[in-house]
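Work through these exercises with the model open. Each task is followed by its solution.

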Amino acid sequence: MQTYYDRVDSLRWGHTDAGIIGDAAQPGDDFLHIYDNYTWYFGVARAEKPGAILEFGVRYGYSLIAMGKGAIAAGVLPQVLVGIDSEWDGVSSNEIALRNITKATGITTYISKIDTGDRHAIDCNLTALGFC
């Protein structure tokens with residue numbers, strides 16, 4: 001019997017991080033050519049076929065791109081991708097992420113700048129988006 005790990009591994013086969021992220025890659029993100037982190041996000045989404053995806057800590061949107069593309073590869077178009085990021089590092093990454101994700105997946109995407117330590121703010125945002 002195939003394990004879940006083996007199933008996800010087989011669903012990500014033939015893909016690379018650089019290929020999945022594509023034009024969304026930011027200057028200096030050379031790790032996309034070295035590691036295979038985002039192929040795992042792609043494989044999990046391809047296995048799970050999610051109808052919606054929520055991520056905390058979005059930065060430039062790479063994980064949401066990978067999960068969105070994985071769901072699409074499985075024949076599912078998620079209704080929405082939602083990202084929450086505080087932009088704690090001082091970079092206006094949410095705007096970049098929104099542009100990247102929308103261009104790469106075509107899926108309706110919402111990115112909110114919220115302190116992830118502020119549970120009330122997160123609850124209010126997710127409720128407003130219909131997640132709760």
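**Exercise 1.** Determine the handedness with which H3 passes H4, and describe their contact in this predicted model.

*Solution.* 
- Start with the handedness: the crossing of H3 past H4 is right-handed.
- Next, the geometry. The axes of H3 (residues 37-48) and H4 (residues 62-73) come within 7 Å and cross at roughly 40°. H3 is therefore oblique to H4.
- Now list the contact residues. H3 supplies Tyr38, Tyr41, Phe42, Ala45 and Arg46. H4 supplies Tyr62, Ser63, Ala66, Met67, Lys69, Gly70, Ala71 and Ala73.
- Sort them by class: nine are nonpolar, two polar and two charged.

**Exercise 2.** Find which residues of H1 are buried, and decide how they are placed around the axis of H1.

*Solution.* 
- H1 spans residues 4-12, and Val8, Leu11 and Arg12 are buried there.
- These residues cover an arc of only 95° around the axis, so they lie on the same side of H1.
- Look for the cover: H3 is among what covers the buried residues of H1.
- Then step past the helix. Gly14 follows H1, with a positive phi near 85°.

**Exercise 3.** Locate Val80, classify Val80 as buried or exposed, and list its contacts beyond four places in sequence.

*Solution.* 
- Val80 sits in strand E2 (residues 80-85).
- Its relative accessible area is 14%. Buried means under 20%, so Val80 is buried.
- Beyond four places in sequence, Val80 contacts Gly51, Ala52, Ile53, Ile107, Thr108, Tyr110 and Phe131.
- Take Thr108: Val80 and Thr108 are 28 residues apart in sequence, yet 5.0 Å apart C-alpha to C-alpha.

Notes. Residues numbered from 1 in each chain as written. Predicted model: local features only at pLDDT ≥ 70, side-chain atom pairs only at ≥ 80, totals over all residues. Heavy atoms only, no water. Axes fitted to C-alpha atoms, helices over the stretch in contact; angles between N-to-C directions. Helix = DSSP H or I, 4+ residues; strand = E, 2+ residues; numbered from the N terminus. Parallel < 35°, antiparallel > 145°, perpendicular 65-115°, else oblique. Left-handed = near helix turned anticlockwise from the far one by under 90°. Contact = heavy atoms within 4.5 Å. Nonpolar A, V, L, I, M, F, W, Y, C, P; charged D, E, K, R; others polar. Buried < 20%, exposed > 50% of the residue type's maximum accessible area, 1.4 Å probe, protein only. Arc of directions from axis to C-beta.
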